[in-house]
Each structure stands twice: as structure tokens, then as C-alpha cells.
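Thanks for coming, everyone. Please look at the structure on the screen while I talk.

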Amino acid sequence: MTRMTASFRSLVFAVLVAGMSLAAHAQLSIEITGAGATRFPIAVPMFESEGALPRSVSDVVRDDLERSGLFSMVNLGMVALTEAAVPDLAGLRGRGADAVLTGSVVPLSDGRFDIRVRLFDTQKQTELGAMAMRVAPAHHRATGHRIADFVYEKLTGLPGYFSTRIAYVVKSGPRYELQIADADGENPQTALASREPIISPAWAPDGQRLAYVSFEAKKPVIYVHDLPSGQRRVVANFRGSNSAPAWAPDGQRLAVVLTRDGPSQLYVVNADGTGVRRITTSSGIDTEPAWSHDGKWIYFTSDRGGSAQIYRIAAEGGNPERVTFQGNYNVTPRPSPDGRSLVFVTRNEGRFQVAIMDLSSRQTTILTDSVRDESPSFAPNGRMILYASESGGRGVLAAVSSDGRVKQRLSIQAADVREPAWGPIPRH
Amino acid sequence: MKKLLLPALLSVLLVACGGTGGPQQTGASVEDRTGAGVATVTAPGVTGTGIAALTDPASILSRRSVYFDFDSFVIRSEFTSLVEAHGRFLSQNPEMRMMIQGNTDERGSREYNLALGQKRAEALKQALMLMGARESQIESVSLGEEKPRCTERTEPCFAENRRSDMLYTGEF
């Protein structure tokens, strides 16, 4: 154990410039391919004095809300509404808006801007809330995402996901890059570039660290990578294969799959690579662990019953119970953040599709309809599911709402995108 | 050593520049996503060097792949002489080490395929041990569906990828 933590801990060569060159051309573009049946009409006019900002913030808010598939934008034309006064709510309602966001921008002497917004319900004629920020102009996108999160939460009751980040792997030619981007595909940055495959990225609950499997040593090895510093540490490099890292909700431990004792089995290990403990004991395959939101259960895929099915086991070990029964290939279990449902991949007449199961009724619904959908990952509010798909012979990312209605496709020109992982809500 | 410290220093500077908070702030600060927050790392590669005796095309030892049927981990009889030759070579050369890399076709989940490839690697390892190789000489690992030798979606191509490869010391 000491050998692993000491000698494998890697001091890393950060090549900032090399990684950026590909990333600059490799932005994810998002295409909306399906929307909610009824969308909430909202007006988000320009903020008063928004022209003082080098780039628009209200544009970002409108784009975020529209892309969620839950809102439709009521266009008021070239009009700015300040948050300092109550607007004509009855008039706005007459124009079809059930809610309106007003705002103002005031330049400060230090180069930053004071941005204030206020949200109104035009039907009840009441204010729903307000927020104020002082921001540097370079942060116009992050500011817009924060405001969109505020609007989304006030109107849906669920936290927004516009300020979150996603991780994914881009393969172009022989080069693999683990990239991190904002949830809208902007700001792609390369965390790791390699000539060998990278799979199974998993966000730590702190949103700063990623665990993943890299084949740079000609075999699968699990690393934990601190994104701001680029420092990474080998968490599991035992004899055989090391794969499928999954963070416990406490951010201190990972469930992993090791073959050091023979077949692929589940183990729990501390984030620094110490304290390895075996959780499952079967003679076949146990893999793809995922913790329930409360940390009590670990869902996993196993062939112990003769075909690949989903099981769950108490996190401290015990007797596993089978969760899926329909079909002969159900893999990649991912429990929802509220613990009520489970998404997984099911094989249907040779097609691989993302399905969702209500864990109390065991009712299963197939959410996607292409042939090679895999690696589902919940948004932190449980409303959307990001997954890997295929379009025009290339790997793309796609997202579907948990009710199956809202659909989006995220692709990068001339590259394969795969292995998405949706990050947690950032702590501001 | 100074070179190694530079990236860490850079990211500290970037993080410091990204801060927007101030004492008179009325709301919370907004995190900078324009450059700070993620540092790029390039993974070091492994360059293998072959061993002449094992790469002579006239020798059976130059053949390194064992192929499997769909959803199977059984070594077909056509590979018996190949497995015997490598098992004997390992037995007669106890200083030699081998890495077996198991592979699968691309259908299905990447992690589940990684586990399937491990089963194929392990099956070959057990067969080599029956021929006299020592357990400590062989490490069985899996590349799953990640390193296909053939990338078309045809049955011959899938069959080409359902494979275990034998690599000797210096080749991995």
C-alpha cells in the first residue's frame, strides 16, 4: 500500500498551451431536438443600461432558459426594463408573459458592474424574488447562468443546473482529451491529453476533482485529478485491471472495480488510495458501481444470474438484491439525486437505449430511441440526463429530460465525443 | 524541479486573478470560468522495445493473439500449439514477464466490456499456467472495447477484436 501512494503519486507536466489549441476549435454545439409539452412563457427583456457591459448578460439568461425546454421567451422588442420599478404587469400578461425578469446594470469605479434583477409573477401580480451581484465584465456568462438558475428555481421549485460543468472525452485521431466545459458547452478546457484511452470520468461532490480510468500505462489505472492544479494521484493500480470509479456522497471514498483477487469485483477505497476493502464476492463479473444519494446502497452490474443485470448491495457489504428483471442486458445503473428513480442502459433487439425505473413501483420507461446510447449521467437536480449517443457515424452527447420530453444533442465538429459526466452544483 | 513548479504557480496566479469578491460586495461572487479552474495535463506515453527472439516471423512465438467466439471465454483448439509454445517459453525463461491484454468488440457498455475482456485475459493466463508458466510471471489486464484492431461494424471485424494479446517484458 505504501508503495502505491508514494511511488505512483505523479507530479504532472501541465502543458497549458498544447491542450488549448484543440479545445479552441472543439466547442460543443447544442441542438434542441424536443421540448416540453407546455412551456412556461416568460419575458426577459434587456436590463437597463446593459449596453454598458462589453457583452450581454440577459442573452445568456434567455439562452439558458430556452434550452432547458421548460420556458418559451416572450419577445418584447428592443425594450429595457429596470428592476428599480414595478413594470406594467397587467400589460405584460396581456402580451402573453406569465413572468417577467427586470434588471439594471451600473458600472462601478473599480471596473466591475453592479447587476440587479427582479422576478415578477404577472398573474398573481407579485414579486417572486430579487438578486444583486458585483461582477467583472469577463464573467458575463457565469453571471447570466447564476441569474438563470435563480429564475429556474423560483419558477420550477428545483435548483437550476446552468452554472454546472460537464466532463467528457473527445477522441480525434489518435488523441484522447478529457475536457471540462460549462453545461452549455462553452469554455471547453482540456484537463488531460493522452495517446491512450480515457474512460469513466466521475465528479467528486466538491466539483473540483475528477476520478477516471486512463490506459496510459497500457492497462486501466484509476486516477483522481484535482482540476485547478492539474495534480493527480493514482488511487488504484493493482495487478490486473482497475476501473469504474464512483464517488461516495461524502467525497472521501470511492467504489472501484479491481481484479487483484481474480474476477472483476467491487471494492471501496479512500480517495488517497488507502483502506482497500472488498464489497462483493462472486465468481463472475461485478462492475459499474454507483452510490445512492444517501450513501446507503451501491448499485452495480453483475452477470451472477447468467445475464448482465442490475443489483444493489448495502455500502458496507451484505447480500445483494436484484433490481432489473426484464430483458437479458441491463447495465450502467445511475440512481437519481433524489433516490426515487434509476437510469440504466438496456438492450432491446440489439439496440442500446437509456431507460428510467421508478424504484418504488419498479415501472420502467425507455427514454431514448437510437441504437448506441450509453453512459447516462443525471444533472444534479435530477431533471435532465446526459448520455453518449451516435449521429452520422460519430460519437455525440445527448440529453433527455427524466420525463422523456425534452431532447438535446451536443456535438463537436469532426471529433468523437463520449463518456459524459454531469458535475455537481457549484458552491458559491 | 523549478520547471515542475511552474504550472502549479501559474494556476495559483490564475485563481487569484479570477476572484471577484470584495468587501463592499452586495451579492455573492461569480466564479471565473474563463481560464482558471482547469489546468491541462499531458499524460506520459510508454514506449516499448521488442525482443528479437520473440519477433522472428519464422517462430511461433511471434504470434501473440488468441481469438474468442462471441460471448465466450473458451480458448479454441486451433490455439493449443500457440498457447503451449508460449507456456513453455515462460517456463524455460523464468525471468521473463508477460502482460495479457483482453479485448472485446464494441457492442455494449464500456465498463462491462472491460470486465468481459478481463475474463478473456484471465482464461489465457490460466491456460499458460497449465503449460508451466508461473502465476507471478503473468499479469492479465483488459482494454475492453477501447483499442479495437478493426473499426468496421462487420462480424469479421467484431471477431478480430474479440482477442487476447500476449506482450513480453519491454513491450508494455
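**A hairpin to start**

Let's begin with one turn. In chain A, β16(A) and β17(A) make a hairpin, with 6 residues between them. G273(A) sits in that turn and has a positive phi of about 90°. A word on terms: helices (H or I, at least four residues) and strands (E, at least two) are DSSP runs, numbered from the N terminus. Two strands pair if DSSP finds at least two bridges between them.

Before going on, the ground rules. This is a predicted model; local features need pLDDT of at least 70, side-chain atom pairs count only at pLDDT 80 or more, and totals for chains, interfaces and linings use all residues. Residues are numbered from 1 along each chain as its sequence is written, while chains are lettered from A and ligands numbered from 1 in the order in which they are written.

V268(A) has R277(A) as its bridge partner in β17(A).

Now the other neighbour of this strand. β15 of chain A, residues 253–258, is joined to β16(A) by 6 bridges, again antiparallel. Here A255(A) has V268(A) as its bridge partner. β15(A) and β16(A) also form a hairpin, with 6 residues between the strands. In that hairpin, G262(A) takes a positive phi near 125°.

Is β16(A) enclosed or open? Of its 6 residues, 265–270, 5 are buried, so the strand is largely enclosed by the rest of the structure. Buried means 20 or more other C-beta atoms within 10 Å of a residue's own; exposed means 12 or fewer, partly exposed is in between, and C-beta atoms are placed from the backbone.

Next, a sheet. In chain A, 4 strands form an open sheet, in the order β10-β11-β12-β13, with antiparallel pairing. At the edges are β10 (198–203) and β13 (232–236) of chain A, each pairing on one side only. Inside chain A, β11 (residues 209–214) and β12 (residues 221–226) pair over 6 bridges, antiparallel. R209(A) has D226(A) as its bridge partner in β12(A).

Finally, the whole chain. Chain A has 5 helices and 30 strands. Its radius of gyration, taken over C-alpha atoms, is 23 Å; the globule rule gives 22 Å for 428 residues, so chain A is as compact as a globular protein of that length. That rule is 2.2 Å times the number of residues to the power 0.38. Of the 428 residues, 54% count as buried.
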